[in-house]
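User: Could you take a close look at one single part of this protein for me? I would like to start with the annotated site and see what lies around it.

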Amino acid sequence: MSVFDHIEFDSHEHVAFYHDKEAGLSAIIAIHNTNLGPALGGCRMWPYVSSAEALTDVLRLSKGMTYKAAMANIALGGGKSVIIGDPRKQKTPAMMEAMGKFVDSLSGKYFTAEDSGISVTDLQTMATQSDYIAGVNAQYHYADEQPDGNPAPSTAYGVFVGLKASVEHGLNSSLEGVSVAIQGMGHVGYRLASHLHAAGAKLYVADIFPEGVEKAVAELGATAVAPEEILGLDVDVLAPCALGAAINDQTLPMIKAKVIAGAANNQLAREEIGDMLVERGILYAPDYVINAGGIIDIFHQRMEKSTNAALRKHIEDIGTTLKEIYTRADAQKAATNRVANIIAEERFSLKG
Ligand code: NAD
């Protein structure tokens, strides 16, 4: 498998592969760009069918983190790590310790945190082996939820704020009575659903596992939808909160929502899909802009001095940033993802 001519390789600074046979760990860390600061990005554990699939994912995700930090006005670079394996069946403390050693071997050029399949407890185990583990404790929080270091509550709040701004811009409406289909009832998806429920939105939810869906039906009055039907539902807003590439050549023709605003990273299978969304009159909230609440949270936890109010304000700025992107995109008749890319590239290339 080649890295330098991989289709997702984009002048990444550093790509490291690690294998610990005894601990059962096969992992990759990708550092895309550190012009603005050390790379930060979560660790994802997923049952990738091949190491090639894992490499594609980590290259795309780490690049997204560079753009995310730049758009959130944060002095951090972009990186990400992936562990190949099923988190429900194959994760062990020894594997998490080995992952901690892997992160430590990069001497602070990369900090890891939560992503799909990795919990605060897993990170605490990694932290026994390295000082470069974020998202394990919290001194500031944006609201009432007791913080434990997991950035998902801040991510969900940022997505909520961004979705609200997108509905205001795209539908000229408040959230009251607006229908939202959420793909993925995990850490972020469920919390997003709670915020939307409190704001009066009508919820349709799907997941490949029943727990989150059942809870949303019981506690938030949501309607359960089959995973294969959620993207094509006749709703106002689609919120992809599962894994990447939900909006692709196969799913695009079935989308009826007029706004796409969700937490998942890399929602568009390729950049051109953004142009097609414009043609179809669908407003797309660029993923790395709307889902930056988590990185903003980690950034504030690592600051010597911040406040709950400063963290909350920084997260709420996501709504303002999105509206600026939408205004610029409207004026240029350009896709929102392309407008966001140009702004981010201007920012992180400055120190290059
Ligand atoms: P999670 O693993 O807790 O939740 C993802 C959920 O999606 C799981 O419940 C999973 O079963 C479900 N899912 C997977 N495939 C699906 C499918 N085809 N249809 C329906 N459901 C499906 O992860 P999370 O922390 O909630 O993150 C969700 C997304 O947001 C991910 O793409 C993640 O990279 C992104 N994100 C998360 C954070 C964060 O702070 N956790 C920050 C930024 C971006």
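This is a predicted model: local features need pLDDT of at least 70, side-chain atom pairs count only at pLDDT 80 or more; totals for chains, interfaces and linings use all residues.

Analyst: K80 is found in strand β5, residues 77–84; strands here are DSSP runs of E with at least two residues, helices are runs of H or I with at least four, and both are numbered from the N terminus. Residues are numbered from 1 along each chain as its sequence is written.

Why pick K80? An unreviewed UniProt entry places the feature "active site" at K80; such annotations may be inferred rather than shown by experiment.

Now, is K80 buried or exposed? K80 has a relative accessible area of 3%, so K80 is buried (buried means under 20% relative accessible area, exposed over 50%, partly exposed in between, with a 1.4 Å probe and protein chains only).

Next, look at who surrounds K80. Leaving aside residues up to four places away in sequence, K80 touches I28, I29, A30, G41, G42, V58, L61, S62, M65, Y110, D115 and N265, where contact means heavy atoms within 4.5 Å.

T125 counts as buried because its relative accessibility is 18%. With residues up to four places away in sequence again left out, T125 touches P93, M96 and E97.

How values were computed: Side-chain values use heavy atoms; hydrogens and water are left out.
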